[in-house]
Structures are given as C-alpha cells and as structure tokens.
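Please read this briefing alongside the sequence and the three-dimensional view. The points below are grouped by topic.

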Amino acid sequence: MAETILSLSGIEKHYGNIPAAVDVTLDVRVGELLVLLGPSGCGKSTLLRLISGLETPDQGTISSNGRVLSDASTLVPPEERKISLVFQDNALFPHMTVCDNVAFGLPKHKAGARTRRVGEVLDMVRLADVAGRYPHELSGGQQQRVALARALAPQPALVLLDEPFSDLDRTLRIALRDEVREVLKANGTSAILVTHDQEEALAVGDRVAVQNAGRIEQIGAPEDLFKTPASRFVAEFVGETDFITGEVTPTGIRTEIGTLDQTDGMPVGTAVDIAIRADDVAITPDPNGPGTVVSRTFTGMQNVYRVRLASGAIVRSLQPHTLVLTEGTHVQVRAAPGHHLAWFPAGAYGN
Amino acid sequence: MELSSSLSTVRARRATAARRLLWSTLPVMVAAMVVVPMVLLVARLLHPTGEVWAQLWGTILPEMIRNTLLLMLGVAVITLALGSGLAWLVTAYRFPGSRIFDWALILPLAVPTYVMGFVYMATFDFAGPVQTTLRAWFGADIALPNIRSGGGAILVMGLTLYPYVYFLARAAFREQSSSTFDAARAMGYTRLQTFFRLVLPLARPSLVAGVTLALLEAMTDFATVRFFNFRTMSEGIVHVWQGMMNRDAAIELSALFLFFALTIVIVERLLRGRARYYQPGRRTRQITRVTLVGWRKWAATATCTAIFGAAFLLPAARLVSWTVGDLSNVATANVLKTVYLGYVVRTFALAATAAVIAVLIALILAQGTRMNTGRFGRAATRLATMGYALPGAVIAAGVLITVAIIDRTVMSASESLFGINPGLLLTGSIVGLLYAYVVRFMAVAYNSVESSMVKVTPNMEEAARTLGATPGRVMWRVHLPLIKVGMAAGAALVFVDVMKELPATILLAPFGMETLSMWTYMLAAESLWESAALPSLTIVIVGLIPVMLLMRVGRMATPGGNQ
Amino acid sequence: MNRSIAYLRPACRYRAVSLAVFLTVACGGAADSPVVNIYSTRHYGAMELMYAGFTAETGIEVRVSHGNMHALLERLRAEGEHTVADAFLAVDAGGLWLAANDGLLQSVESAVLEQNIPENLRDPENRFFALSQRVRSIAYVPGRVDPSEISTYEALTDRKWRGRLCLRPSTNVYTQSLVASLIAAHGEARAEEIVRGWVANEPEYIDSDTRILETIAAGGCDAGITNHYYLGRLLKANPDFPVKMLWANQDGRGVHRNVSGIGVTAAAAHRENAIKLIEWLSGPAGQAGDDSGLPGSNLEFPVNPDVDPHPIIAAFGPWTADPMPLAEYGRYQADAVKLMERAGYR
C-alpha cells in the first residue's frame, strides 16, 4: 500500500440547498495523479478549493502528511498548506514576466537559489527561452505551461489542476495533457486534476474519481471504471454506453439482441438494464433484420453505426471502415460482448 | 511538535476570522463616515418649515424644477451628441489633425463651467466684443439671441462637460473588436449604419456613465447658472440658504434635490444593466481607421476645430489676454505678486491631499466589497459614493454639523477627563474641508479604483495565496501593481475636481486656505473679469496635467493602445 | 519617478502649512501674539496693501479669511464662542446687522471711533462701524435719456421704460438692500407695487454692475441701477466712458446708501488688536481717498468727514442719503427677497 499524501474524510459543503460536497472521503497517494471527473456543477472545483484552503468545509477532516489542515477546530490558511493550484484561465499575473511569475512562490529563497529553481522548472516545461516575456506575449498552451511551472516551483506537496486544458483547442489539449503528465511524473509530484472530459480522465489519470451532485460515486483505475461501473451514472459518464432492457432466464439474461451468458445469481424473471458499448454489438445487413441504421460516423479506422432496434431503443455498433451501410439499411443485430456486462435494476436511476 | 502545529493552526484560524471581520466592517465604517453628514442633514427634515416652503411652491420652485429638468435634458443631448460623435470621428477615421484632436478634444475638461460661463458671458452678451463688432458692421438692430438665458447656460455646460462622454466613449469604441464591426459590414451595413446599430449600443454602459457624470455636474452647479440668470434647484438651495437666511428650508430643498439625484443614479444602473461587470476580453484588433478624402475630410477637421475652438481655444485665449492686460496694470500686478504663489501652493496641496485620501479610502471600499459580497456591504458602498450627486453646499452643511458634534463631544470628554478645554479642533480646520471633498468626490476615486480592480481576477488572488503569499503580500505584489494606473487616474480626477470645487470650499475653507477657485469666483461675481483671469487660467493649466495623465492612462487601459 | 516626486513635494509642504494652521487654531485662545484675525467679505480694492500699512505701523499681523457673507455668518454661528475670528468685515449693512442681531458681535467703547465715524454710520450699540459708503443709484447716457424722467427709483416703474432697463438679479445683496430700503420707506405693500412696476417693464437682468454700465454704454438698455464706484472704475480706465450717474430721490428721502463696515466678534481673542485695526481703518491713513485708503482704493466715499473723496467720484456731485438707519437694512432683507419672489423679480 502506497503512502498517502492527502486524505479527506467525511467532507461536507453545501451552498444553501445545493450540495457541493457530500460525505467525500478519499486518499491521494504519493506520486499519484488522481483525476476528479464529473459534469459541470457537480462540485469538483469546490473540492479543490476546500483542499487548497480557499473555502472552508462545513464538516469533515482534511489532512496532509498526517498534519490536519482543516477540521472542526483547525483551519490552516492557504498560504501555509504547500498545495498549489493551476486554474483554467491560468491566472498568471499580467504585470510580471514569466520569470517573475514563476519566482512569485519563492520569496524566501536566496537570489541564487531562486534563479536556479526558476530555471529548473522552466526547463521542465520547455519554456526557458521565453522567461523574459509577459504572459500576453505567449500562446495559450505556453501560458498554461507557465502556470504549471509556477505551481511546481515551490515544490508543493500537492498540485491541484482545475480544468487546466479546457480553454485550449483539441490538438493542443491532447499534446499538453500528455506533457503535463510527464512533467508531474518526472517530478514525482502528487496531483489532483479536475475535468469534465471522460476521455481526458481515462487518458491521464492513475486513478479516477467520479463525482456527481457532490458525491463521489466511484474511485478506481480507469480500466475498472470502464469495465465495472459502480453506478448507472458512472456507466453513462465513462465510456459511451447505451442501455438495453433484459430479463433473467435460467440460461442467461435475455435481450432483444440475444441472450447474454450471465445471470449473476439473480432470480429468474428479474428485469434489468444492461450497459452495452459499441464494441459489444455486431450487425450484419439483412433486408428482414429488425434493426435499422440511423446514422454512420466515420472516424477513420472505423465506422460507428447507430441502430434503432424493434423496441425503439438505440444502440451503437463499431464496424471496420470497410463495411459501409447507408442510412435506412435493415440489419440483424447481435450482442457479442465476449465479456461480462454491467447491469442495473430496470428503470432505477442512481445506484 | 503536534502541540505547536495545532497551536499555530488555531492562531491561523483566528487570524483568518479576524481578517474576515476586518474586511467586512472596514467598508461599512468608511461608508458610515461618508454617510453620516448626509444623515444628519436629512434628520433636520423632521422639523419642516412650512411657511418658507409654501412661499417657494407658490413662487420660484416650479420654475426651478422646470429649469433643472430643462438643463438636464439639454446637457444630456449635447454631451451625448458631441461626446459620442467626436469619439467616433477620431476612432474610426483619419483626417487632417485627427491625431491631435484625439487628445485635444478632452482638454475642455480642465475648464471649470463657471470660468467658461463668465468668459462666454463677457464675450457674447450685448456689451461684449462680438455683438459690439456685429453692430459696428451691420447697424444697431443686429442682435444675437440673449446669452443670459437657459440656452446660454446649457450651451456652456454642454461644451465643458461633453469630454466626460467623449473620454469614456472613445475608450469603449477602442475596446470593441473589429470582428463584430466587420461582421456587420459583411451583412451589408454601411459604416454609419453600423455605428448606430452596433457600435453605439455596445458602448451604452460607457455612454450612460459619461452622461451621468455630466448631468450630476450640471445639476450640482450653482455658479454658472447664476451667471446666466437660470434658476435651478441647486442655485435655489444656495439662494434660500443665503438670500432668505433659512438653512432649514434650504436643507429641505436639498432633500428634494436628493430625489432628482437618486433618480439619475438609479436610471444609470438600470441602463447599464448587466453590462456592468464586463470581463476584459482577449486582445482584439481595433476597428480599422478609414482615411477620409475630399470634402469629408475637411468637414471632419472643421467640425473638430469648431468644437475645440469653442470649448477650449476661445476661453483659453480670452483668459490669456485678460491676464496679460491685468498684469500690465502696475497696481494689480503688485498685489498678484504677493498673493499668487500662495494661492497656487495651497490649492495644489489641498487637491493633492484630498486626492490621496479619497483614493486610499476608495481602495478600502473596493477591496472590502470584493472580499465580502454581502448585500449590506454593497449598499454601504453605494451610499458612500452618493456624494457626487449632491451640491457642494449641501455636503458642506452636513460636514459642518458633523464636525461640530465631534468637536463638542471631544471637548466635553476632555474637560471631564483632564480638565483641559482643547477648543474646537476640527471646526474651521482643514479637516472639515478635506472631509467634505472626500464625501463629494468619493465616487470619482471609487469608480476608477474599482474598474481597475476588475483586472485582478479572483483566480489571481487565489493562485497567489496557494503559492504561499499572505493577503498582505498579495495586495502589495499583485493588486497594487495592477491597479496603480487606475489609482493614479482616480487621484488625477479628484485632484481636478477639488481644484474646481467652489461651494464647499467657500463654506469650509479655514484661515489662510483660500483656493484659486474661490479667488476666481469672488472676482468674477464682481465682474472683475480681468483679475479673475489669472486664477482661472491657473486652474485650467494645472487641470491640464491630470487630464493629460488621464489620456495616457486611457491609452494604456485600451488593449493594444500603447504600441 | 521624477513625476512622483514632483507630486509629493507640495503635499509635504502642505503638511507644514496645515500644522501651522492647526496650531493657530488650537492655541488661538491662549496665545497673546500680536495678531488679528478677520473674516472678510471684502476682497477687492487692494486690502492686502492696507493691512500691510497697519502691520508696519503697529506690528500687529493681520490674517484674513475671505468668503461669501452668508458662508462666513454660518461659520461664525457654528464656531460660536470658539471662533478664531476677532473681527467681521462685510460689504453690506444688512450682513453686519444680521451678525450683530445673532449676538456674534460685541459693543466697543472707543473715543477714537466715535470721533472718526459720524453717529448715523455706526450701530446705535457700537457693535459695528461703517468704513466706507457706496451709493446705489441710477445710471444713464446723457442725450438718450432726460435725467428729469429718471430722478427717482419709483419713476422707473413708468411704462415708457418698458424694455429699456438693466437691473441686477434678486440674488445680489445690493438689490436686496435697495428693496429693503423701499420697504422701510413705503411699507411692504407699496414697495411690492414698485417692484412689480419694474418687473412689468421687462428689464434685462444682469448679475454684474460693471456689465450693466457697459450694456447701457453699448445701447443695450437706456437706464440701470448700479453702485457708484463701478462707474468710477470704468471712468478711471476710460475718462470718455459715456455713462453718467444721477443721484436718485434728491427731492425726497435721498439716495440709497449702503456701507461696508466692520465689527468685533463677541468671542474675539484679540479684542484690543481688533479695535486698533478698526481705529486705524477709520483714521486718516485708512480712510484716504486715494489708492492707499480703504474707500479710495475702491472709489467709495469715506465715512470720516475729515477726508475728501477721490476726485473721480467727487465729480459726481454732492448727495443726500436716505436717512434709513443702518440697522434697518438687515431687518428687511429676508422680506425683500420674498417680496421680489412674489413680484416675479428674477
């Protein structure tokens, strides 16, 4: 079991009737990049602000390295927490050069040490050549890298990144997120990154925590979230998932696109919703088939088809780029997962 | 180890709580300081003086109200038309002299309306040089419309106050990106149509703010309208107070006046709408200037020259020639030599002190409002900036009462505690005058500081905190450098306003603290125009320095403007 | 950088100034320094030179705070017994009476003053003393107007003056005093009729005596009411100035005469110095009819009968004044303002 750098237990924060954090308990391990994933307004940014000390929790304990940062009797102000924060809008100081921005968190360093440290972190983000420029003279990606360098300079125990890439365009976003991950890993810095983009979460996170309406619904490795979502919300939010209804029979769960070879110990007759993804669905053209092609999205290597079933439900199916069907084509549809599928009690939302 | 860490965290929690308390109470305390004189004044309303009031309603009050409304309407129309029109001309077009007019057109801001008033009076009335010349050329029957009228007062105020609109409109036009403008052009609108359909509506908050400033100044003026025989409510307050010797009735009139002022301020807020909290956008390309050709370019030059000539060159030239005439008179020149420097130094010192105090208090208010978003704090701030809508005479009266109460309290306390009577410490001292200035011009300082505070996003503050900076260091390293330009602009504006201020100065200036504006007014009221010229000219020239500073600030505050 | 220093410097110097002011204010009551503090509404006619003459002779420094009359009165009232002012100098008898009536001035026993200033130019209780006389009368251009038609204030109500008069607005204290004198002479009802008569003639209201005279000269109107010394000033600058002054009501009660005068404040800390100043101002040096004296420098008539007026105004000829006591001016002033409002006088 790896050592813990930050632990939250029973954190509550409400704004009037709006829950921002509900019974949040989680640990961040040393050197880990934990991604906090959730739709906008779910409370993930608030959680960052609680951790950094910019907001005060209603209840619960936050501690770092065994030191209590915030509980019923204690409140360490943000400047004493050694936790730095990177904002979506980068929040660079416009009147300071890149160099001065990065040096801002090092007031107690001697001049020589400060210069050295600024040089180190700017090298790390490959921006040593723009040290003398002002923020507005840099591109969006460069600005965000400066913000990261500024956050890393004081060697914080933990770096918090609040949607750091969402103001950038897609290509830049992907390049930068990989770079940020590398820098954090090379530095051995523990970090929490907040995002609403599930692809980004799965790509960079060592572990991902999914938050909904203030509550953490699941924490785990990206693969675990994908394979075994703990809630219908997680299943929907992580990995593009469709739902079809099914009924448990002695031989498996029967659906309108075939019977799945799993009963999971449920009594015969139980109605369930099954989470099924595009790679679990096979289609073949057949003029008498019950399914109808609604649309095709060409992604290069593959075609993703949306197919309407007889019941009206829509599922997606991943097919090689060689299979081209026009809209309205009738098809046979078959569930072919080859692995266990997650299911949830029929109709019930949430858990 | 554990004990010491928990102790330090407890201390930290206390410090945070104390800081929060400080920042939530400080603005309220400051606001109270500003509001108390007004409250004490209004409290006097509880004993209404029926008789004078009835006489006023029966005689001059309806006329005063009508004139005030006329004045406001006229000034609004003139300043809006001149301010936005000229600003568009210099922002969107290139023509001979356009670069000079760009900054020159704001210079009339340095000419106080009462100076402009007496210059126009002396130049354009029946006995003035213009009409005299016309009669010499065309015979005795030729006559211009009587300048000594509401029309004259409105014209003069429009000419001196349009720079408020011009300055803000110009900045707003420059902030607009060329892409929205070009988009409209692409949809088939001409430049002029685009101006009316897109540019003006987008600049509405700035235009409204500018017109409001002009209106409040026009409303609170009493000297200029008096020169022009145009009775407005603020003239009426002074008249009732001094002519009818009824301070209580004057104060009641002030309350009615307050209603007008409040209406303007509320209308302004409504018109500004949500646009109030604009986010400084990304750097955008400005609207491309078009070079005018043919008669259009000369028409543009002629328009700007005419306005600049009427609003600045004419008064400046007349003041200079009067001053030269006055200085060539040996007797008066001797007097001037002995007193002039003293007036300048005093006025300067007074204006600078008031400017610094006002800006510092504005800083506290602005920061307090940011840190503490409570409704109470906001209301306090709004109240604290109401002084701009009140005539100086009313504020002076409030300050007089307040200061007298403080003095009496201090005196009795000191006598009962130490047996020493310190006398009146504040009454008749510089404190009362500075107090009145700060109350009167708080809004000017506050608006500058607050609008520059917008540049410091909450994220910047928070980023600084998480990088280990205490709130004090954040203020010093992040806020101050970013808002110092706004602070300088606010200080400059307060400086000019104090220098021009008349009624409160007359009522409160202590021994030996006479200012240039008092000197000017007293001489001008005696129609000793030649002698009034030197102090007026000094006010104008000194006023130019902050106006130029303001132009530089405006240029810097404009994205891409400092290249 | 340099700029910020330039901005700072006056502020620093100012601190010294305000400290000095503060100390004077704070210690004013106890100190016995040779000084006299004046609240003055008289800000023309080289007063500084006159004070310098007094200081040279007596070693007493004169400090002056100028202001509008009502503002200074307001301040005297607010400051009460703690006022720094030792004397109150006003250019209108009404203002002096108001101050005296509010108990802001004290009686002064001085043989010198009684000798220098005739009884009718002093307050009966010696709370204030006139220092110069100004006459408010009718100005015209000979040739355009027959002087016999405008020999009284009342005559200006005649319809033939419709559109031909230039008058000063009611906000001006000189106008207020003139109307007060009408009330004193005729009673309120008749005075209102007279004022209504002026109003019916649709005068041009000009808030400046000089400008009234210049407008008459330029032909903008044919007659107007002004103080005599404004004409004196214009004649001094231009001996050919075409306007003449006529002494009104010489066959009746006499022309309206006002005064500028001075009184010792009730709470004067430097009472003796203040009396010395008033004695000096009413003596031959202070009263001089030329540029060195208080009346002379402003072309007013001296109060001291031993002193001759300036030749320019002496040429206007002798006059008899309305015998209305000085105290009456103030008594009717507020009534005069209300009367003018009722009558529609601007």
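**Chain C: a helix and what follows it**

Just after H6(C), Gly187(C) adopts a positive phi of about 90 degrees; helices here are DSSP runs of H or I with at least four residues, strands are runs of E with at least two, and both are numbered from the N terminus. This is a predicted model, in which local features need pLDDT of at least 70 and side-chain atom pairs count only at pLDDT 80 or more, whereas totals for chains, interfaces and linings use all residues. Residues are numbered from 1 along each chain as its sequence is written, while chains are lettered from A and ligands numbered from 1 in the order in which they are written.

- Because 12 of its 14 residues are buried, H6(C) is largely enclosed by the rest of the structure; a residue is buried if 20 or more other C-beta atoms, placed from the backbone, lie within 10 Å of its own, exposed if 12 or fewer, and partly exposed in between.
- The buried residues of H6(C) include Val173(C), Gln176(C), Leu182(C) and Ala185(C).

**Chain C: Ser132(C)**

- Ser132(C) belongs to strand S5 (residues 129–140) of chain C, and it is buried, with 30 other C-beta atoms within 10 Å.
- Ser132(C) and Pro295(C), although 163 residues apart in sequence, are 5.3 Å apart in space, C-alpha to C-alpha.
- Leaving aside neighbours within four places in sequence, Ser132(C) is in contact with several residues, among them Val259(C), Leu294(C), Pro295(C) and Phe301(C); contact requires C-beta atoms, placed from the backbone, to lie within 7 Å.

**Chain A: domains and sheet**

- Chain A is divided into domain 1 (4–237) and domain 2 (242–345), with bounds that come from an automatic or database domain assignment; the C-alpha centres of these two domains of chain A lie 39 Å apart.
- Six strands of chain A form an open sheet of mixed pairing in the order S6-S7-S8-S3-S9-S10, where two strands pair if DSSP finds at least two bridges between them.
- S6 and S10 of chain A stand at the edges with a single partner strand each, so one side of each is left without a neighbour in the sheet.
- Strand S7 (residues 158–162) and strand S8 (residues 190–195) of chain A pair in the parallel sense over five bridges, and Leu158(A) stands opposite Ser190(A) in S8(A).

- Most residues other than glycine have a negative phi.
- Ala91(A), in the loop between strand S6 (83–86) and helix H2 (98–103) of chain A, has a positive phi near 50 degrees and counts as buried, with 26 C-beta neighbours inside 10 Å.
- Ala213(A), in the loop between strand S9 (207–212) and strand S10 (215–220) of chain A, has a positive phi of about 50 degrees and counts as partly exposed, with 16 C-beta neighbours inside 10 Å.

**The largest nonpolar core**

- The largest nonpolar core has 379 residues, and those with the most contacts inside it are Met442(B), Val494(B) and Phe88(C); such a core is a set of buried Ala, Val, Leu, Ile, Met, Phe, Trp, Tyr and Cys residues joined through C-beta atoms within 7 Å.
- Helix H7 (residues 150–175) of chain B gives the largest share of this core, 17 residues.

How values were computed. Two residues are in contact if their C-beta atoms, placed from the backbone, lie within 7 Å.
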